[in-house]
Amino acid sequence: FADCSSLTSIDVSSFNTANVTRMFCMFGDCSSLTSIDVSSFNTANVTTMSLMFTGCESLTNLDLNSFNTANVTGMSSMFSSCTSLTSLNLSSFNTTNVTAMSDMFGNCSSLTSLNLSNFNTENVTSMFMMFQRCISLTSLDLSSFNTTNVTAMSDMFAGCKSLTSLDLSSFNTTKVTDMKSMFASCTLLKHIYVTTSMWSTEGADTTNMFNKCGTNKVEAKTTT
């Protein structure tokens with residue numbers, strides 16, 4: 001259904017997806033789609049969901065509670081440019097095998113909150129642009145994130161203009177080589193908390209890392 005830009009509704013309730021392995025760009029750029037019910041989808045064998053809903057600019061909510069993502073490795077740009085999404089329930093997502101989350105929520109400009117507490121990111125290598133231009137996000141809890149294997153974080157939070165603080169104390173950046181513009185244009189961001197023993201920029205490209213950001217440094221998280 002990719003690029004069906006005039007499609008406003010679609011009934012996929014009769015779809016048997018038990019043997020489907022790829023849902024890459026399935027509804028990509030269905031920019032007029034206002035709602036979609038995918039609760040009947042069997043996604044047990046799906047390995048890639050990258051770009052699945054990218055550019056679905058008219059969707060306001062998306063319930064993916066029924067999705068089995070145990071075998072999924074690719075989630076890059078899965079929801080990117082879903083500019084009208086105000087809620088997104090991913091509480092059932094199993095991300096144990098996911099390696100790519102780049103641009104996953106990029107330009108989800110209407111999201112005010114995002115619960116990713118269940119995300120297992122221990123195998124993820126790319127997080128660049130993951131939350132870029134999520135301009136309405138006022139807070140973001142990433143305390144469950146394991147970034148030990150991540151190498152790319154460029155533009156990860158770029159343009160998150162409503163964030164005032166970020167707790168990245170769970171982040172291990174020892175393998176990260178690209179941090180360009182990581183916090184660029186986060187104009188209200190005043191505090192970025194890290195664990196100094198796990199936070200490193202050595203060997204990484206940090207060009208414009210804090211460009212137009214409310215702060216130009218990270219600070220050690222203290223326990224009280």
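In what order do the elements of the protein run from the N terminus on? They run β-β-β-β-β, and the protein has 0 helices and 5 strands, where helices (H or I, at least four residues) and strands (E, at least two) are DSSP runs numbered from the N terminus. This is a predicted model, in which local features need pLDDT of at least 70 and side-chain atom pairs count only at pLDDT 80 or more, while totals for chains, interfaces and linings use all residues. Residues are numbered from 1 along each chain as its sequence is written, and side-chain values use heavy atoms, with hydrogens and water left out.

## Overall form

The C-alpha trace of the protein spans about 55 × 35 × 30 Å along its principal axes. For 224 residues a compact globule would have a radius of gyration near 17 Å, and the 18 Å of the protein agrees with this; the radius is taken over C-alpha atoms, and the globule rule is 2.2 Å times the number of residues to the power 0.38. Of the 224 residues, 46% count as buried, a term that means under 20% relative accessible area, with exposed meaning over 50% and partly exposed the range in between (1.4 Å probe, protein chains only).

The protein exposes about 9500 Å², of which carbon and sulfur atoms supply 45%; accessible areas come from the Shrake-Rupley method with a 1.4 Å probe, and for residues only the protein chains shown count as cover. Contact means heavy atoms within 4.5 Å, and among contacts between residues at least 6 apart in sequence, 82% join residues at least 24 apart. There are 9 positive and 15 negative side chains, and the centres of the two sets lie 11 Å apart. In this count Lys and Arg are positive and Asp and Glu negative, while His and the chain ends are not counted; the place of a charge is NZ of Lys, CZ of Arg, CG of Asp or CD of Glu.

## Aromatic rings

A pair of aromatic rings is described by the distance of the centres and the angle of the planes. Rings of Phe, Tyr and Trp (its six-membered ring) pair if their centres lie within 6.5 Å, and planes under 30 degrees apart count as stacked, over 60 as edge-to-face and the rest as tilted.

| Pair | Centre to centre | Angle between planes |
|---|---|---|
| Phe53 and Phe79 | 5.9 Å | 0° |
| Phe105 and Phe131 | 5.8 Å | 5° |

Phe53 lies in the segment before S1 and Phe79 in the loop between S1 and S2, so their pair ties together parts that are 26 residues apart in sequence. Both Phe53 and Phe79 are buried. Phe105 and Phe131 are each in the loop between S2 and S3, 26 residues apart, and their pair links distant parts of the chain. Phe105 counts as buried because its relative accessibility is 0%, and Phe131 is likewise buried, with a relative accessible area of 0%. One aromatic cluster includes Phe53, Phe79, Phe105 and Phe131, and among its other members are Phe1, Phe157 and Phe210.

## Selected residues

Leu88 is found in strand S2 and counts as buried because its relative accessibility is 11%. Leaving out residues up to four places away in sequence, Leu88 touches Leu62, Phe79, Phe105, Leu111 and Leu114, so that two of the phenylalanines in the table, Phe79 and Phe105, are among its contacts. Leu88 and Ser113, which are 25 residues apart in sequence, have their C-alpha atoms 8.7 Å apart in space.

Ser109 has its place in the loop between strand S2 (87-89) and strand S3 (165-168), and at 16% relative accessibility Ser109 counts as buried. Neighbours within four places in sequence aside, Ser109 is in contact with Thr83, Arg133, Ile135 and Ser136. Of these, Arg133 is also found in the loop between S2 and S3 and counts as partly exposed, at 39% relative accessibility.

Most residues other than glycine have a negative phi. Arg133, however, has a positive phi of about 60° although it is not a glycine, and Asp29 has a positive phi of about 60° as well, again without being a glycine. Asp29 lies in the segment before strand S1 (61-63) and is partly exposed, at 35% relative accessibility.

Thr206 is found in the loop between strand S4 (191-194) and strand S5 (219-220), and with 32% relative accessibility Thr206 counts as partly exposed. Thr206 touches Met179 and Thr201, not counting residues up to four places away in sequence, while the C-alpha atoms of Thr206 and Lys180, 26 residues apart along the chain, are separated by 4.7 Å.
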